[in-house]
Amino acid sequence: EGILYGINMHNNTLVIFDRFSLENANQVIFAKSGSGKSYATKLEILRSMMMGVDMLVIDPENEYENLAESVGGSYFKISLTSENQINPFDIPIIPEGEDPADAFKSHILNLTGLVKLMLGQVTPEEESILDRAIITTYESRDITPDKKDFSSIQAPLLEDFQTVLQNTEGGKGLAQRLERFTKGSYSGFVNRPTNIDIKNRLIVFSIRDLEEELRPIAMYIILNFVWNLIRAELKKRLLIIDEAWLMMKHQDSASFLFGLVKRARKYYLGVSVITQDVEDFLSQDIGKAIVTNSALQLLLKQSPAAIDKVGEVFYLSQGEKNLLLAANVGEGIFFAGPHHAPIRITASQDEYQLITSKPQ
């Protein structure tokens with residue numbers, strides 16, 4: 001049992017493995033634009049679904065829309081005018097066996113990180129005010145860690161939090177800075193109740209239609225939503241985060257991504273982190289830590305500007321660097337634990353028709 005991932009170009013042996021049999025099922029894919037990273041990912045989605053794995057995808061460029069439609073998946077567009085909404089203040093589902101107080105505290109910390117991302121730079125004193133205001137917002141709806149059933153309680157919205165913040169000592173200025181997300185030009189983005197049905201084997205969230213500065217915020221909100229879903233029901237899943245470098249641009253979103261990757265194995269989740277901006281991703285300690293916490297790595301064609309950094313992080317020989325510089329589309333080096341080998345991503349004709357992005 002396993003997934004045919006490619007062919008070893010040295011001896012033409014088939015490379016077959018089951019991601020979930022490894023130490024963890026996390027994977028990083030680094031490649032320059034046009035080298036086949038999305039093609040490889042879509043191929044793995046198809047083959048993973050045949051193996052009974054549920055798929056969740058964050059799609060920054062509408063790369064996965066045709067695939068979702070072809071296999072009967074759900075495709076949600078997250079934008080300022082979209083009908084698809086996610087409320088970041090949704091009440092977290094407490095997994096069986098977990099301490100409600102710990103789970104609720106973790107949710108508060110995640111929300112604080114999100115609000116900091118929305119506000120920009122905040123001081124430690126302001127962060128403390130945000131934390132206190134979030135707790136008070138939930139308490140105003142009688143939502144506290146000691147409760148176990150929230151089914152009859154409506155979750156607060158961002159505007160409810162802003163009202164509490166406005167009336168919190170030292171919070172008035174912070175509340176004014178949130179105005180554009182509650183009543184201003186961004187109000188259709190994060191200030192409405194969740195209306196997404198996530199009961200499907202393949203779920204894709206598109207953020208292409210959002211402004212560039214809103215994309216990291218959207219990815220944070222979606223990942224937090226997905227994380228609550230994953231913790232609520234234990235099943236074999238893969239989470240694909242395309243263009244993950246967007247989250248590495250901010251400390252809070254980068255830390256959140258690392259926390260998710262680090263804890264994924266506990267919840268039977270594999271995470272695939274994909275990026276073409278290799279230098280930005282690997283220039284931070286958190287980026288390197290994500291690589292360390294991934295049992296699988298796939299390196300496709302690299303640019304001359306990025307090859308030295310990639311070689312340093314992955315301990316590549318000069319021959320391997322040369323291979324990545326000269327690689328054709330869909331060719332590269334595949335790492336599984338301590339083992340690595342040249343690889344070519346190969347699809348059948350039927351698979352190719354579903355996953356190619358070529359207009360013709």
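Select Phe-314 to begin. Leaving aside residues up to four places away in sequence, Phe-314 touches Val-28, Phe-30, Val-291, Gln-297, Leu-299 and Phe-335. Keep in mind that this is a predicted model.

**The cores**

Together, Phe-161 and Phe-314 touch the most other members of the largest nonpolar core, which has 88 residues. Which helix gives this core its largest share? Helix H9, residues 215-232, does, with twelve residues. A second core of 28 residues is separate, and includes Ala-25, Ala-31, Ala-40 and Ile-240. Colour those four to see where that second core lies.

**Helix H12 and its surroundings**

Go to helix H12, residues 285-292. Buried here are Ile-286, Gly-287, Ala-289, Ile-290 and Val-291. Val-291 is also one of the residues that Phe-314 touches. What do the buried residues of H12 pack against? Show three strands' ranges: E3 (27-30), E8 (269-275) and E9 (296-300). Then show the helices H10, H11 (278-282) and H13 (304-314). The buried residues of H12 pack against each of these elements.

**H10 beside H12**

Keep H12 on screen and select helix H10, residues 251-263. The two axes come within 10 Å and cross at roughly 15 degrees. At that angle, H10 is roughly parallel to H12. The crossing is left-handed.

Now show side chains at the contact. On the H10 side, pick Gln-251, Ala-254, Ser-255, Leu-257, Phe-258 and Val-261. They meet Ile-286, Ala-289 and Ile-290 in H12. How do the residues of this contact divide? Seven are nonpolar, two are polar and none is charged.

**H9 beside H10**

The axes of H9 and H10 come within 11 Å, crossing at roughly 25 degrees. So H9 is roughly parallel to H10. H9 passes H10 in a left-handed crossing.

From H9, select Tyr-220, Leu-223, Asn-224 and Trp-227. From H10, select Asp-252, Ser-253, Phe-256, Leu-257, Leu-260 and Arg-263. These residues make the contact. Six of them are nonpolar, two polar and two charged. Leu-257 of H10 takes part here, and Leu-257 is also in the contact with H12.

Most residues other than glycine have a negative phi. The next two stops have positive values.

Select Asn-62, in the loop between strand E4 (54-59) and helix H2 (65-70). Phi of Asn-62 is near 55 degrees. Is Asn-62 buried or exposed? Asn-62 is buried, with a relative accessible area of 14%.

Next, select Tyr-315. Tyr-315 lies in the loop between H13 and helix H14 (318-326). Tyr-315 has a positive phi of about 55 degrees, although it is not a glycine. Tyr-315 counts as exposed, at 72% relative accessibility.

**Last stop: Gly-120**

Select Gly-120. Where is it? Gly-120 sits in the loop between helix H3 (100-119) and helix H4 (124-139). Gly-120 is partly exposed, with a relative accessible area of 38%. To finish, draw a line from its C-alpha atom to that of Ile-230. The two C-alpha atoms are separated by 29 Å, and the residues are 110 apart along the chain.

How values were computed. Residues are numbered from 1 along each chain as its sequence is written. This is a predicted model: local features need pLDDT of at least 70, side-chain atom pairs count only at pLDDT 80 or more; totals for chains, interfaces and linings use all residues. Side-chain values use heavy atoms; hydrogens and water are left out. Axes are lines fitted to C-alpha atoms, for helices over the stretch in contact, and angles run from 0 to 180 degrees between N-to-C directions. Helices (H or I, at least four residues) and strands (E, at least two) are DSSP runs, numbered from the N terminus. Angles under 35 degrees count as roughly parallel, over 145 as roughly antiparallel, 65 to 115 as roughly perpendicular and the rest as oblique. A crossing is left-handed if the near helix is turned anticlockwise from the far one by less than a right angle, and right-handed if clockwise. Contact means heavy atoms within 4.5 Å. Ala, Val, Leu, Ile, Met, Phe, Trp, Tyr, Cys and Pro count as nonpolar, Asp, Glu, Lys and Arg as charged, and the others, Gly among them, as polar. A nonpolar core is a set of buried Ala, Val, Leu, Ile, Met, Phe, Trp, Tyr and Cys residues joined through side-chain atoms within 4.5 Å. Buried means under 20% relative accessible area, exposed over 50%, partly exposed in between (1.4 Å probe, protein chains only).
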